[in-house]
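Let's walk through this structure together, one region at a time. Have the sequence and the 3D view ready as you read.

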Amino acid sequence: MAPLLATLNDRIQAVTGIDPELRPATKPQFGHFQTNAALRRGAEQGRNPRAVAAELTAALDLSDICEPLEIAGPGFINIRVRADVLARVVTANLLDPHSGIEQAGQPQAVVVDYSSPNVAKQMHVGHLRSTIIGDCFTRVLAIQGHHVIRQNHIGDWGRQFGMLIEQIRDEQLDLDTLDLADSEALYLRANAHLTADPEFADRARARVVALQGGEPETLAIWQRLIEISAAGFAATYSRLGVLLTRDDIAGESSYNAMLAGICTDLEARGIATMDNGALVVFVPGFDAPAILRNSAGGYGYDVTDVAAIRHRLDDFHADRLVYVTDARQQDHFLKVFAVARQAGYLPDTVAAEHVGFGMVLGADGTPFKTREGTAVHLDDLLDEAEATATPEVALAAIKYADLSNQLHKDYVFDPARMTKTTGDTGPYLQYAHARVSSILRLAVAEGEQLDDAHSVVTTLDKPEEQALALALVRFPEVVAEVGETLQPHKLCGYLYDLASQFSGFYEHCPVLKAAGETRHSRCVLGRATARVLSTGLGLLGIAAPETM
RNA sequence: GCGCCUGUAGCUUAAUGGAUAGAGCAUCUGACUACGGAUCAGAAGGUUGGGGGUUCAAGUCCCUCCAGGCGCGCCA
């Protein structure tokens, strides 16, 4: 089913021939939706916009959906949806298995690349953003009917493994007893050792060569380190309640076998050129080229990400690629996309989007960096939040705090702010859900029939009922917008507004004390509210408990 | 030096070029002893960093300046 907004928009465009750019009214007294088409057309034609508005409204017959159209101010056309239509749509969405969310006519294969922690390091709060943002994307895209492929591009390859493996050998560590926290400590010891001891640094370099050469013992230790980290990541993902699993891991190393071939291919076709001993691709708009192979013959992350694109198109037949990393990597991905397009690996029909999010800053406003002893691990933040709330509520607070503002903005890491449970927060939304669930529970206990066969919204007499219904019918359009623009804060803002409308309804429209048809209709309105809140929170990766 | 991002109330923030810039927190005042007070109603709090420009209309677009952050060839 098409969202109500889209239906109205299409209807108006069909008659007037112009896109009305219908949008929600800015204030209740302006109705439900508004268009400024008359203002734009009036300006184009040098005519009085109010006269144009009168002409347009006279030509439009929307009486099956709307109250009579109103012209206001300089020429706005205000639209109010009929209460019986709102009631009908609320009911239809409630009974729809997809809650009214429009299903993709042509489902896409969408690869979402997110989380991407580094082996032998615990995830810290910086990884939180990528993980929960990407998790939200996969949920939204999936509910729209797309085929979502999660990819966790972990850092499982590189020079750091030389020092890690040497340090393990020096200390004769038993890898069977090592966990992720231990390997992070090991990382720090190895790093200190590296800077202090040139002889160790030499051995570390040699160990990198051994790893790249596939020397069996080295390879075995490397593999064990990855397994230890993967187990640690899995534990954190489980605690966070995100969808990533072990099967979604496709680390950098998984592309090693493709790298030489890509270099050969691009060089043979003249796309890549040798420059100062490195094999590079110059990309318009960037001074520095993408470096496929460095002058020492090593492969870097540019070519690895090009290989990942090939894999995702050749093997997953992706229609859309989404990357969720911090904003600092934007140039890197734009270059990689450009190289892949030049090479023909990435056709123009496949969208590639880098969703860059802002950095997490320290309390002093400087970039939050992992420093020895000062890194705030994800688990520490979760522990702090759970000190004053249940895990469900604590997670809601943290996730909502991260998703509810624009992604590209930096924010200061502040546990007190991120774990708040009052006001515009995740727990507030959960609370609204719990309250409406409580009403439904009591109603059912008193014999109210609220199964699908009996759920019909029949009356929306009071303004608060209508306002709530209007908020409910907007859900599908908001989900569609988030799926397209990848802006979770739009969904957060919508759900907060919905919860606010529910509060107004809750204050002014008694449900259990009402009688007959009004009581039943309000119960169903409550059921629809619970459905949208729980579904919407679900898309944010937040649980919607019935009691809290 | 080049490029990208940010600047909105004390703090955190919203706003597809549209009507009186909308919320939350904190502050102040209230809510039939409550269909759950993690709530609700109200008050106060804004020259949207400064200055130009485009437009019927600018927080939003253009120019410029200021402040802060990030990125700029062989780390990932």
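Packing refers to contact, that is, two C-beta atoms, placed from the backbone, within 7 Å. Helices (H or I, at least four residues) and strands (E, at least two) are DSSP runs, numbered from the N terminus. Once α18 ends, L486 follows with a positive phi near 55 degrees.

A word on the ground rules: this is a predicted model, in which local features need pLDDT of at least 70, side-chain atom pairs count only at pLDDT 80 or more, and totals for chains, interfaces and linings use all residues. Residues are numbered from 1 along each chain as its sequence is written, while chains are lettered from A and ligands numbered from 1 in the order in which they are written.

Now step back to the whole of chain A. Its secondary structure comes to 20 helices and 13 strands, and its C-alpha trace spans about 85 × 60 × 45 Å along the principal axes. Of its 548 residues, 44% count as buried. Among contacts between residues at least 6 apart in sequence, 73% join residues at least 24 apart. The chain is divided into domain 1 (4-81), domain 2 (158-244) and domain 3 (426-539), with bounds that come from an automatic or database domain assignment. Taken over C-alpha atoms, the centres of domain 1 and domain 2 are separated by 64 Å.

What about the interior? The largest nonpolar core has 131 residues, of which V90, A469 and L533 touch the most other members. Such a core is a set of buried Ala, Val, Leu, Ile, Met, Phe, Trp, Tyr and Cys residues joined through C-beta atoms within 7 Å. Leaving aside residues up to four places away in sequence, V90 touches V457, A469, L472, V473, L525 and A528. There is also a second, separate core of 21 residues, with V119, A120, Y187 and A250 among them.

Helix α14 (residues 391-403) has 13 residues and reaches 18 Å from its first C-alpha to its last, close to the 18 Å expected at 1.5 Å a residue; the expected span is 1.5 Å times one less than the number of residues. Because 11 of its 13 residues are buried, α14 is largely enclosed by the rest of the structure. The cover over those buried residues includes α5, α9 (216-240), α13 (378-386), α15 (415-418), α16 and α19.

Helix α12 (residues 330-343) has 14 residues and reaches 20 Å, close to the 20 Å expected. In α12, F333, K335, V336, F337, V339 and A340 are buried, and what covers them includes β8 (278-281), β9 (290-293), α11 (301-314), β10 (320-326) and β11 (351-357). Just after this helix, G344 takes a positive phi of about 80 degrees.

Helix α12 also leads us to RNA strand B: along with α2 (37-45), β4 (76-79), β8, α16 (426-445) and α19, α12 supplies at least two residues of the surface near the strand. Which element gives the most to this surface? That is α16, with eight residues. In total, 72 residues surround RNA strand B, and the closest are R23, N294, G300, G423 and S438; a residue is near the strand if its C-beta atom, placed from the backbone, lies within 6 Å of it. By class, the surface has 30 nonpolar, 28 polar and 14 charged residues.

Finally, look at two backbone details. Most residues other than glycine have a negative phi. S116, in the loop between β5 (109-113) and α5, has a positive phi near 50 degrees, and so does Q172, in the loop between α6 (160-171) and α7 (180-196). S116 is buried, with 21 other C-beta atoms within 10 Å, whereas Q172 counts as exposed because it has 6 C-beta neighbours inside 10 Å.

Technical notes: A residue is buried if 20 or more other C-beta atoms lie within 10 Å of its own, exposed if 12 or fewer, and partly exposed in between; C-beta atoms are placed from the backbone. Ala, Val, Leu, Ile, Met, Phe, Trp, Tyr, Cys and Pro count as nonpolar, Asp, Glu, Lys and Arg as charged, and the others, Gly among them, as polar.
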